[in-house]
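Work through the exercises below with the sequence and the 3D structure in view. Each task is followed by a worked solution.

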Amino acid sequence: MDKILMNQMEFYGYHGLFPEENKLGQRFYVDVELIADLEKSARSDDMNDSINYGDVYEAVKEIMEGTPKNLIEAVAGAISDQLFQAFDILEACTVKVTKPDPPIPGHYQSAAVEIYRERR
C-alpha cells in the first residue's frame with residue numbers, strides 16, 4: 001500500500017459551533033494520508049502519474065478557508081470529498097483536522113477529528 005503524507009498544514013478558518021469561532025476564527029492543522037498506487041509514478045518519474053502535493057494543499061485550503069462549518073467532522077468529510085474529486089488515482093484517505101485552541105475549558109493540547117474514507 002503506497003501513501004503520500006502531508007502533515008501539519010496550517011490554516012486560519014472560521015469553523016466552529018460557537019459564535020465567537022465564526023466571528024474571530026482560529027488556527028487549524030490538517031494532516032492527510034493519501035493511499036494510491038504509486039508504482040507507475042515511481043517508474044516513470046512523471047508527475048502526471050502521481051498526486052501533486054501543491055494541488056492537495058490547494059484542495060484542503062479551499063475547504064479550510066472557505067464556507068464555515070459547525071463541526072470539524074464536517075470539515076474533514078468535505079476535505080475527503082474534495083480530494084476524491086480532484087485525484088482519480090486516490091483509493092483511500094485519512095484526514096485529521098486539529099483545533100489547537102478550541103474555546104472549551106480544561107487543560108489539553110488540542111481537539112481533533114480523524115476520518116478514513118475509501119473510494120466507492
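**Exercise 1.** Find the salt bridge that the side chain of R27 makes, and state where its two residues lie.

Solution. R27 and D101 meet through their side chains, at 2.7 Å from N to O. R27 belongs to strand 2 and D101 to the loop between strand 3 and strand 4, so the pair ties together parts 74 residues apart in sequence. Helices (H or I, at least four residues) and strands (E, at least two) are DSSP runs, numbered from the N terminus.

The model is predicted: local features need pLDDT of at least 70, side-chain atom pairs count only at pLDDT 80 or more, and totals for chains, interfaces and linings use all residues. Residues are numbered from 1 along each chain as its sequence is written, and side-chain values use heavy atoms, leaving out hydrogens and water.

**Exercise 2.** How many salt bridges does a search of the whole structure find?

Solution. The search finds 5. One of them joins K3 and E33, with the closest N and O atoms 3.6 Å apart. K3 is in strand 1 and E33 in strand 2, so this pair ties together parts 30 residues apart in sequence.

**Exercise 3.** Is K40 buried or exposed, and what about D49?

Solution. The side chains of K40 and D49 form a salt bridge (3.7 Å, N to O). Buried means under 20% relative accessible area, exposed over 50%, partly exposed in between (1.4 Å probe, protein chains only). K40, at 55%, counts as exposed; D49, at 16%, counts as buried.

Key
A salt bridge is a side-chain nitrogen of Lys or Arg within 4 Å of a carboxyl oxygen of Asp or Glu.
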